[in-house]
Amino acid sequence: MSIDSAAPGAALGPAHGPSSLTCDLSRPLRYAPIRRIIGRAMHWRYRLLQRHRNETVVLERVAGQPLLVLPGVLNPNLMRTGAFFAEQLGPDLIRDDAEVLDMGTGSGVCAVVAAKYARHVVAVDISPAAVRCASINALLNGRDDRIDVRAGDLFGSLAGRRFDVVLFNPPFIRARALDDADRAWRSLDVAERFAAGLESHLTPTGFALLLLSTYGDAGQYVRELQRHHFTVAPFAERAFVNEKLTLLTVRRAPPTGTTDD
Ligand SMILES: C[S@@+](CC[C@H](N)C(=O)[O-])C[C@H]1O[C@@H](n2cnc3c(N)ncnc32)[C@H](O)[C@@H]1O
């Protein structure tokens, strides 16, 4: 899997500027066996001490915003991906006149933070619990006038709508989801359908931000987007003991034969 990168081979670490990112999501992390052991220990710590945070209503805080997380909705702090994604959003990425789509909004974490900067945000999720949860969080943060939360299967409820920025923290694992809550992790065809639908929902200068992890089949998303003539480049990354998260920018590839001058 190849991803455009300014400096391949850069070290792991906290979020970097775009020029120092490696972003080979298919390459095993260094010290993989040790990371696996620590990963197992973390899994058991989660099962014994933290799982209740997924089974009851909890109040979390991400990027300075309070968020109520309902049972069956991905907790953006516990699973780290939502918090990492939301922390990257700022006025450099989201202009004040931007129309933003938060695909697979979950708790609404990215929609709430994006609405700090954007003119308007549409937040979509297929899970009824997530739709309820994101609506509550839009209200809780006083941004319900700028966030339109919708139930929908990917772009299905967005006919004819185009966006300046599309945010997506997708299910990483390629498998059949067992129930609505499991759709946060597993899907059989979201990579293909997202890549196929994206072009007709972007404004002429629009782009997407896609979060991928070394955990799961990130390569499938990148391959599908490249097949649909998008270029994919790392924007930020963060390494944890057992996985590395990379936030990618996804843009239409320039037509062949185009030069910079
Ligand atoms: C990894 S979670 C991300 C949640 C939230 N954006 C965050 O960052 O914490 C993926 C979300 O996508 C939703 N999802 C999965 N398949 C979907 C589909 N076909 N259409 C819309 N949403 C979908 C899931 O219900 C889940 O809320």
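This is a predicted model: local features need pLDDT of at least 70, side-chain atom pairs count only at pLDDT 80 or more; totals for chains, interfaces and linings use all residues.
1. Residues are numbered from 1 along each chain as its sequence is written.

2. The protein chain holds seven helices and 11 strands (DSSP runs, H or I of at least four residues for helices and E of at least two for strands, numbered from the N terminus). Of its 261 residues, 38% are buried (20 or more other C-beta atoms within 10 Å of a residue's own, with C-beta atoms placed from the backbone).

3. Now to the ligand, which 25 residues surround (C-beta atom, placed from the backbone, within 6 Å of it). The closest are G82, G104, G106, I126 and N169. In this shell, α3 (81-88), α4 (109-114) and β4 (120-125) each supply at least two residues, and α3 gives the most, with three.

4. Do look at helices α6 (residues 190-198) and α7 (residues 218-227), whose axes come within 9 Å and cross at roughly 30 degrees (axes are lines fitted to C-alpha atoms over the stretch in contact, with angles from 0 to 180 degrees between N-to-C directions). The two helices are therefore roughly parallel to each other (angles under 35 degrees count as such). On the α6 side the contact is made by A191, E192 and A195, and on the α7 side by Q220, Y221, E224, L225 and R227 (C-beta atoms, placed from the backbone, within 7 Å).

Technical notes
A residue is buried if 20 or more other C-beta atoms lie within 10 Å of its own, exposed if 12 or fewer, and partly exposed in between; C-beta atoms are placed from the backbone. Angles under 35 degrees count as roughly parallel, over 145 as roughly antiparallel, 65 to 115 as roughly perpendicular and the rest as oblique. Two residues are in contact if their C-beta atoms, placed from the backbone, lie within 7 Å.
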